[in-house]
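Here is a short briefing on one protein model. Look at the fold first, then at single residues.

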Amino acid sequence: LRSEYVHGRRHGNGNIVYKDGSRYDGAWENDTYHGEGSVTYPNGDVYTGSFRQGVRHGHGVYTLAATGEKYEGEWTDGKRHGHGSWQLTPNTQFVGVFEADRPVGRGTYVFASGDKEEGTYAPVKVEKPAPIVYKKVKPDEETPADGTPKKKAPKPKKAVTRPLEESVQFRGDAWAGVHVYM
């Protein structure tokens, strides 16, 4: 721990390492993150950018350690809000507007192939799938001795080619766009 203090509170630049392994390096005001800084969270995620009163606010970059996903853009009250770029894989990204942590409105989706699709995000209601119900069956050569039926292997998914302007599900929102071949 190395920080500047005013009246017994962190104020100015400094760093801290917490018991859970997370750490903060950057500006403090009145004992909270405020200004430019970088946080490494216990799960390895990293945020580097602006803070206001302890939350992400302003321009910043958040990288998820588990998946490599990265968002670079504007933040408001700890959520993606404003213009930004959401990199889903090293070669796949969405560039557009975010509100309350979700992509909305016009944007461009860039595929790993280099193709681009310009379109619009709109919220949609996502239905929960029906629960799977298993029936007890009589033991036979297809059923183990304990009487529980074998689970059938799921049918392989078929490749689907969609019309250019058909809506598709993407992380709980609908995307409708026109594909632009580069």
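Where is Asp77 found? Asp77 sits in the loop between β7 and β8. The model is predicted. The protein has 0 helices and 13 strands.

**Overall fold**

- Along the sequence, the pattern reads β-β-β-β-β-β-β-β-β-β-β-β-β.
- The protein has 182 residues, and buried residues make up 30% of them.
- Among contacts with a separation of 6 or more, 18% join residues 24 or more positions apart.

**Loop residues with positive phi**

- Most residues other than glycine have a negative phi.
- Asp77 is not a glycine, yet its phi is positive, at about 50°.
- Asp77 has a relative accessible area of 48%, so it is partly exposed; that class lies between the 20% and 50% cut-offs.
- Asn30 also is not a glycine and has a positive phi of about 50°.
- Asn30 lies in the loop between β3 and β4.
- Asn30 is partly exposed because its relative accessible area is 48%.

**Largest nonpolar core**

- The largest nonpolar core holds 16 residues. Tyr24, Tyr33 and Phe51 touch the most other members.
- Two or more residues come from each of β3 (23–29), β4 (32–40), β5 (46–52), β7 (70–76), β8 (79–89) and β9 (92–99).
- Leaving out residues up to four places away in sequence, Tyr33 touches Tyr18, Tyr24, Ala27, Trp28, Val39, Phe51, Arg52, Gln53 and Gly54.

**Second largest pocket**

- About 160 Å³ of space lies in the second largest pocket.
- β6 (55–63), β7 and β8 each give two or more residues to its lining.
- The lining has 10 residues. Tyr62, Leu64, Trp75, Arg80 and Asp101 lie nearest the pocket centre.
- By class, 5 lining residues are nonpolar and 5 are charged, with no polar residues.
- A probe the size of a water molecule, rolled over the atoms, shows where empty space is left.

- Tyr62 belongs to strand β6.
- Is Tyr62 buried or exposed? Tyr62 counts as buried because its relative accessibility is 15%, and the cut-off for buried is under 20%.
- Beyond residues up to four places away in sequence, Tyr62 touches Tyr41, Asp45, Val46, Tyr47, Arg56, Glu69, Lys70, Tyr71 and Trp75.
- Trp75, one of those contacts, is also among the residues nearest the pocket centre.
- Tyr62 and Val39 are 23 residues apart along the chain, and their C-alpha atoms are separated by 9.4 Å.

**Ser50, in strand β5**

- Ser50 has its place in strand β5.
- Ser50 is buried because its relative accessible area is 13%.
- Which residues does Ser50 touch, not counting residues up to four places away in sequence? They are Gly35, Glu36, Val55, Arg56, His57, Gly58 and His59.
- Arg56 is touched by Ser50 and also by Tyr62.

**Tyr5, in strand β1**

- Tyr5 is part of strand β1 (residues 2–6).
- Tyr5 counts as partly exposed because its relative accessibility is 44%.
- Tyr5 touches Arg10 and His11, with residues up to four places away in sequence not counted.
- Tyr5 and Trp28 are 23 residues apart along the chain, and 9.2 Å separates their C-alpha atoms.

Key:
Residues numbered from 1 in each chain as written. Predicted model: local features only at pLDDT ≥ 70, side-chain atom pairs only at ≥ 80, totals over all residues. Heavy atoms only, no water. Helix = DSSP H or I, 4+ residues; strand = E, 2+ residues; numbered from the N terminus. Buried < 20%, exposed > 50% of the residue type's maximum accessible area, 1.4 Å probe, protein only. Contact = heavy atoms within 4.5 Å. Core = buried A, V, L, I, M, F, W, Y, C linked by side-chain atoms within 4.5 Å. 1 Å grid on protein atoms, 1.4 Å probe; cavity = no way out; pocket = protein on both sides within 12 Å on 5 of 7 lines; lining within 4 Å. Points joined across faces, edges and corners; volume = space filled by probe spheres on them. Nonpolar A, V, L, I, M, F, W, Y, C, P; charged D, E, K, R; others polar.
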